[in-house]
Amino acid sequence: MDLFIAIFTGTIIAATPLIFASLGELVVEKSGVLNLGLEGMMLMGAAFAFWAVISGLPMPVAIAAGALAGAATSLLFGVLALTFLTNQYAAGLALAIFGSGVSAFLGRGFGSTPIDALKRIHIPLLSDIPVVGPLFFRFDPMVYLAIAIFGLITWFLYRTKGGLILRTIGESPETSHAIGYPVTRIRYMAVLFGGLMAGLAGAYLSVAYTPLWVENMTAGKGWISLALVVFATWRPLRVLIGAWLFGGMTILQLQGHGIAVPSELLSALPYLATIIVLVIISQNRQMLALHFPASLAKPFRAAS
């Protein structure tokens, strides 16, 4: 039972940054924009959150700093892709490289001293229930925040007029513009929200998941988050389930069960799973076409 609890809680914690980043990218892609710069935005969020903590700022302020750093970085992408109409693939890749370089430069002054990690919540009575308490009521606040944001995004996309407008813009920006919706402004808001979520994901990595600065600490989680959106066929519930699945693979330790597996293979397991899942999903073209935003990555210029 102790092993099960350890695996379950480890899975939920490892999945949390993926949930933040993937849900943010889901909203961005629902608006018809493809931002491949998740890795860079997450690294910027991680760097600024860590800097805020070692500067003596309170943990909530540090997390907010990381989120705002991700949003500010995404604004660069927005200017390139939405104002100057550059290729979204190229702009996103450039953002990933930019975030990696800037975070590495900032991290030179951080040293290798660990910080006090984000504290877990202890809920009176509930946290002390055998088995149930450790499984559900002993996580840090950002784990619960990720679940809450999942619920809010699901409600917004499918139960509000704003969500319908966002999805309509992702399908046909020309039609949306013709009936009076500010396509570019709404896409900017979606891009900023995606950056905010990526910044939260990065902040979680540096102040909770691994409270020690390590260069390129995202280790490809931004790319996995991008793949998760496709794996989920652009649906929030599948993003949540997929994040938990990949989180479980991240903490899987087969050696503990007496199976001799090279550590390098275990480290590569989440990325191998990403490739396999994408290959399988790409075979079902009907499912992809059913949920794929029709205007994804296509530039939009308002008719004068």
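Reader: Which hand does the crossing of α1 and α6 have, left or right?

Author: The crossing of α1 and α6 is left-handed. Bear in mind that this is a predicted model.

Reader: What are the angle and the distance between the axes of α1 and α6?

Author: Helix α6 covers residues 141-159, and α1 packs with α6 at an angle of about 25°, their axes being 9 Å apart. That angle makes α1 roughly parallel to α6, because angles under 35 degrees count as roughly parallel.

Reader: Which residues of α1 and α6 meet?

Author: On the α1 side they are Ile12, Thr16, Ile19, Phe20, Leu23, Leu26, Val27 and Lys30. In α6 they meet Met142, Val143, Leu145, Ala146, Ile149, Phe150, Ile153, Leu157 and Tyr158.

Reader: And by class, how many nonpolar, polar and charged residues does the contact of α1 with α6 have?

Author: The contact of α1 with α6 has 15 nonpolar residues, one polar and one charged.

Reader: On to α11. At what angle does α1 pack with α11?

Author: At about 135°, with the axes 7 Å apart. Here α1 spans residues 2-30 and α11 spans residues 236-251. The angle makes α1 oblique to α11.

Reader: Which hand does α1 have as it passes α11, right or left?

Author: The crossing of α1 past α11 is right-handed.

Reader: Which residues make the contact of α1 and α11?

Author: α1 contributes Ile7, Gly10, Thr11, Ile12, Ala14, Ala15, Leu18, Ile19, Ser22, Leu23 and Leu26. From α11 come Pro236, Val239, Leu240, Ala243, Trp244, Phe246, Gly247, Gly248, Thr250 and Ile251. By class, the contact of α1 with α11 has 15 nonpolar and six polar residues, with no charged ones.

Reader: Let's zoom out. How many helices and strands does the chain have?

Author: There are 13 helices and zero strands in the chain.

Reader: What is the radius of gyration, and what would a compact globule have?

Author: The chain has 20 Å. A compact globule with 304 residues would have a radius of gyration near 19 Å, so the value agrees. Along its principal axes, the C-alpha trace spans about 65 × 45 × 40 Å.

Reader: What share of the residues is buried?

Author: Buried residues account for 49% of the 304 in the chain.

Reader: And what share of the contacts joins residues at least 24 apart?

Author: 76% of them, counting contacts between residues at least 6 apart in sequence.

Reader: Single residues now. Where is Leu135, and is it buried or exposed?

Author: Leu135 sits in helix α5. Leu135 has a relative accessible area of 9%, so it is buried, since buried means under 20%.

Reader: What does Leu135 touch?

Author: Beyond residues up to four places away in sequence, Leu135 touches Phe4, Ile5, Phe8 and Thr9. The C-alpha atoms of Leu135 and Ile7 are separated by 9.9 Å, the two residues being 128 apart along the chain.

Reader: Where is Ser127?

Author: Ser127 is placed in the loop between α4 (88-107) and α5 (132-136). Its relative accessible area is 0%, so Ser127 is buried. Setting aside residues up to four places away in sequence, Ser127 touches Ile121, His122, Gly133, Pro134, Phe137 and Arg138.

Reader: What about the backbone: what is the phi of Val131?

Author: Val131 has a positive phi of about 65°, although it is not a glycine. Val131 also lies in the loop between α4 and α5. With a relative accessible area of 32%, Val131 is partly exposed.

Reader: And what is phi of Leu85?

Author: Phi of Leu85 is near 55°, a positive value in a residue other than glycine. Leu85 is in the loop between α3 (59-83) and α4.

Reader: Last one, Val183. Buried or exposed?

Author: Val183 is buried, with a relative accessible area of 1%. Val183 lies in helix α9, residues 183-209. Leaving aside neighbours within four places in sequence, Val183 is in contact with Ile169, Pro173, Ser176, His177 and Phe300.

Methods:
Residues are numbered from 1 along each chain as its sequence is written. This is a predicted model: local features need pLDDT of at least 70, side-chain atom pairs count only at pLDDT 80 or more; totals for chains, interfaces and linings use all residues. Side-chain values use heavy atoms; hydrogens and water are left out. Axes are lines fitted to C-alpha atoms, for helices over the stretch in contact, and angles run from 0 to 180 degrees between N-to-C directions. Helices (H or I, at least four residues) and strands (E, at least two) are DSSP runs, numbered from the N terminus. Angles under 35 degrees count as roughly parallel, over 145 as roughly antiparallel, 65 to 115 as roughly perpendicular and the rest as oblique. A crossing is left-handed if the near helix is turned anticlockwise from the far one by less than a right angle, and right-handed if clockwise. Contact means heavy atoms within 4.5 Å. Ala, Val, Leu, Ile, Met, Phe, Trp, Tyr, Cys and Pro count as nonpolar, Asp, Glu, Lys and Arg as charged, and the others, Gly among them, as polar. The radius of gyration is taken over C-alpha atoms; the globule rule is 2.2 Å times the number of residues to the power 0.38. Buried means under 20% relative accessible area, exposed over 50%, partly exposed in between (1.4 Å probe, protein chains only).
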